[in-house]
Amino acid sequence: MSKKFKRVLVANRGEIAIRVIRACKELGIRTVAIYSEEDRTALFRTKADEAYQIGNNKGPIEAYLAIDEIIDLAIKKDVDAIHPGYGFLSENPEFVRQCEAAGIKFIGPDAEVMEKLGDKIKSKILAQKFGVPTIPGLEKPIKKEEEIKQFAEKHGYPLILKAAAGGGGRGMRIVRSDDELIAQFRDAKEEARKAFGVDDIFVERYLENPKHIEVQILGDEHGNLVHLFERDCSIQRRHQKLVEFTPAVALSDEKRQAILKDALKLCEGAGYKNAGTVEFLVDKYDNHYFIEVNPRIQVEHTVSEMVTGIDIVQSQVLVAEGYRLDSEEINIPNQESIKVNGYSIQCRVTTEDPANNFIPDTGRLDHYRTGSGYGIRLDGGNGYTGAIINPYYDSLLVKTISWSRTFPDAIRKAMRSVEEMKVRGVKTNASFLINVLNHKEFQKGTCDTGFISNNPELLD
Ligand code: ADP
């Protein structure tokens, strides 16, 4: 029943495009890259077997969102499947439908599941249906300002306004008093409309400094579903992840098992296929709450690969080809066969200036040298001496992923690697990452999402 792909189109750019191209090559599949005019000199396009410029005159972001053009190209180039990476079209059910209509396999969950789980309100309602705990809130888009006023009266402050279609921390506002409620609501709505084209906003209680724990899920198209354990992504700046690791060393085994079980319960209930992530917050009383599902590969999937030995991106492709998890190709006979070995930490090196409020820096990389060596994996996108860092896309330069048998040594390796990096011409956040890795609380593994804002000395 499995159909081997001959050609896969990668509808993305940067490091994740390279990650997917590599996985396809390892599986003997030809790769087709697309790139915008602004990405003419980008490294990722040279890694694919073929690369085509798209989106002329559309704009740097819009080029990667040009559904019709991408599908036309895929048909013309006789592509069997499209991998969407993360961001851009990766969570767009309409794109999935159009791929299907064109006879092209979308490497990810099907449109219906994506629709149910990709929306923060719908997935919350579904979680409740399956008995998975959620944060108290109004599980419907706020139509009248009166509704949030009533919610605030009943539950008090702080509360958080969130965009149903949200991602990357956008469309999110924390409100601490009546005075700011309505203005913040209007702001969130406006930001959501601009970023996602949909301005549905909902409200829930804001937990003070929880931990962010998420579960990697992998399902085949025959009803088999496993988890690849958890990741701790609590090190965040403005709700955006910066450093991620696994296992979540501060979790008790009992809590870990409860979270893993809930993640599976939700995905099994929803009939999830392919790779996905179920995100939870854990408050200071050790209660866990589901917050959202990301129905796609995530930036931090790497650390789960390092400790389980499972190539998640290859598995995505194989599952989409129709292979069962217990097939020889994927080789996951059952949940019990997945073991965690050691510790892994991912640091996101970005072209942002920590001394200047993390404003993205741009220009020519006059010098680019990374620190590899034993225990280090580097997943890069744009970095080479002479590369131009443009202002149009996210500022991720390279992911430094360390692995070791112990957490302290995984930290030491990460630190050594980031210290060894030499980047000139464009500023990076390397010194900030070193400060995080050096911090006692980080080394205990107990940081919560308030860690960066509560420790301003990390900026020194
Ligand atoms: P996005 O999809 O934009 O990344 P998420 O819903 O995944 O948004 O939330 C991102 C981060 O925002 C979380 O990891 C957490 O730090 C914070 N957050 C979200 N909801 C809450 C909440 N109810 N209470 C406290 N923090 C929250």
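Trainee: Which residue is the bridge partner of V10 in strand 4?
Mentor: H83 is the bridge partner of V10 there. Strands here are DSSP runs (E, at least two residues) and helices are runs of H or I with at least four, numbered from the N terminus. Keep in mind that this is a predicted model, where local features need pLDDT of at least 70, side-chain atom pairs count only at pLDDT 80 or more, and totals for chains, interfaces and linings use all residues. Residues are numbered from 1 along each chain as its sequence is written.

Trainee: OK, do strand 1 and strand 4 pair in the parallel or antiparallel sense?
Mentor: Parallel, with 3 bridges between strand 1 and strand 4 (residues 81–83). Two strands count as paired if DSSP finds at least two bridges between them.

Trainee: And which strand holds the bridge partner of V8?
Mentor: Strand 2, where T31 is the partner of V8. Strand 1 (residues 7–10) and strand 2 (residues 30–35) are also parallel, over 4 bridges. Together with helix 1 (residues 14–26), strand 1 and strand 2 make a right-handed β-α-β unit. Right-handed means that, with the strands pointing away from you, the path from the first strand over the helix to the second runs clockwise.

Trainee: Switching topic: what order do the 8 strands of the open sheet have?
Mentor: The order is 14-13-10-11-12-15-22-20, with antiparallel pairing.

Trainee: Why is one side of strand 14 and of strand 20 left without a neighbour in the sheet?
Mentor: Strand 14 and strand 20 (376–380) are at the edges and each has a single partner strand, so one side of each has no neighbour in the sheet. From one strand to the next the twist averages 25°. Strand 13 and strand 14 are joined by 6 bridges, antiparallel, and F280 has F290 in strand 14 as its bridge partner.

Trainee: Which strands does helix 13 lie across?
Mentor: Helix 13 (residues 430–438) lies across strand 11, strand 12 and strand 15, running at about 150° to strand 15. Angles run from 0 to 180 degrees between N-to-C directions, and axes are lines fitted to C-alpha atoms, for helices over the stretch in contact. Contact means that the C-beta atoms of two residues, placed from the backbone, lie within 7 Å.

Trainee: Which residues around the ligand come nearest?
Mentor: G167, L207, H212, H239 and T449 do, out of 19 residues around the ligand. A residue is near if its C-beta atom, placed from the backbone, lies within 6 Å. Strand 13 (274–282) and strand 14 (288–294) each supply at least two residues of that shell.

Trainee: How many residues of the shell around the ligand are nonpolar, polar and charged?
Mentor: The shell has 8 nonpolar, 8 polar and 3 charged residues. Ala, Val, Leu, Ile, Met, Phe, Trp, Tyr, Cys and Pro count as nonpolar, Asp, Glu, Lys and Arg as charged, and the others, Gly among them, as polar.

Trainee: Where is P158 found?
Mentor: In the loop between helix 7 and strand 7. A cis peptide bond joins Y157 to P158, with omega about -5°. The bond from T246 to P247 is cis as well, with omega near -10°, and P247 is in the loop between strand 12 and helix 9 (253–270).

Trainee: Last one: what's the phi of R238?
Mentor: Positive, about 50°, although R238 is not a glycine. Look for R238 in the loop between strand 11 and strand 12.
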